[in-house]
Amino acid sequence: MKNMKAFIVAMMIVMVAAITPDCMAQKEAAAPDAITVIHSRKSVRNFTGQIIEKEKLDKILRAAMAAPTAVGRQPWSFVVVTERKTLDALKDGLPYAQMLGKAGAAIIVCAIPEKAHDKMVEFAVIDSSLAGENILLAAEALGLGTTWTAAYPYKDRMGHVRKTLNIPDSIIPLNVIPIGYPTGVDKPKNKYKPENIHWEKW
Ligand SMILES: Cc1cc2nc3c(=O)[nH]c(=O)nc-3n(C[C@H](O)[C@H](O)[C@H](O)COP(=O)(O)O)c2cc1C
């Protein structure tokens with residue numbers, strides 16, 4: 001009788017174990033783990049030209065706003081561009097963002113000094129940069145490619161972005177992040193350098 005009970009319990013464990021990995025595999029396929037995403041991220045400058053699903057842009061924006069900020073101020077706004085005409089208008093004034101030509105969308109991270117801790121530009125820029133990195137990582141996790149292209153601190157580039165998107169002068173357009181489906185030619189670089197690490201003291 002005892003043996004029978006043990007046999008039934010063992011069988012149940014085997015059955016649960018057989019079902020569980022399938023369910024988990026599906027979950028994992030939808031969301032690669034954070035370390036894998038971090039190491040897979042790379043600047044992608046070659047896109048297929050496919051449009052980006054609104055649902056994916058929404059997930060990316062939610063990830064952006066999950067970033068930490070000094071004193072929780074969230075001194076940011078995000079301009080999302082999907083119209084071809086506007087993507088091209090941005091591209092025309094940004095020589096280092098020519099991949100906008102084949103991007104399906106772009107997000108412009110805007111830093112708002114007025115909302116930042118102590119109204120400091122530095123905090124607005126630091127906080128918004130963290131949101132920017134979350135955008136790059138979330139896009140990678142969703143199978144999309146991005147590149148951080150600089151607007152800040154270049155006056156001419158910020159001017160072009162402000163003019164094209166009606167952004168007020170008090171707001172800092174930090175970057176333009178083109179988003180697209182990668183063609184696959186861009187690869188992550190290994191930038192790990194042990195000499196950049198100082199254990200305990202410099
Ligand atoms: C602040 C900043 C500004 C950048 N500006 C540009 C840019 O204007 N155009 C561009 O193609 N890449 C730009 N990049 C991307 C870098 O060139 C890229 O991150 C770097 O070469 C490392 O490559 P990886 O992103 O593939 O790791 C910028 C990155 C940062 C962080």
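User: How many bridges join E2 to strand E6 (residues 175-180), and in which sense do they run?

Analyst: Strands here (E, at least two residues) are DSSP runs numbered from the N terminus, and two strands pair if DSSP finds at least two bridges between them. E2 and strand E6 (residues 175-180) are joined by 3 bridges and run antiparallel. Ala105 stands opposite Ile179 in E6. This is a predicted model: local features need pLDDT of at least 70, side-chain atom pairs count only at pLDDT 80 or more, and totals for chains, interfaces and linings use all residues. Residues are numbered from 1 along each chain as its sequence is written.

User: Over how many bridges do E1 and E2 pair?

Analyst: Strand E1 (residues 76-81) pairs with E2 over 6 bridges, in the antiparallel sense. Phe78 has Val109 in E2 as its bridge partner. Strand E5 (residues 172-173) also pairs with E2 in the antiparallel sense, over 2 bridges, and there Ala111 stands opposite Ile172.

User: How many residues of strand E2 are buried?

Analyst: A residue is buried if 20 or more other C-beta atoms, placed from the backbone, lie within 10 Å of its own. In E2 (residues 105-111), 7 of 7 residues are buried. Both faces are covered, with Ala105, Ile107, Val109 and Ala111 on one side and Ala106, Ile108 and Cys110 on the other.

User: Which residues surround the ligand?

Analyst: A residue counts as near a molecule if its C-beta atom, placed from the backbone, lies within 6 Å of it. The ligand is surrounded by Lys42, Ser43, Arg45, Tyr96, Ala97, Thr147, Trp148, Thr149, Ala150 and Lys189.

How values were computed
A residue is buried if 20 or more other C-beta atoms lie within 10 Å of its own, exposed if 12 or fewer, and partly exposed in between; C-beta atoms are placed from the backbone. Helices (H or I, at least four residues) and strands (E, at least two) are DSSP runs, numbered from the N terminus.
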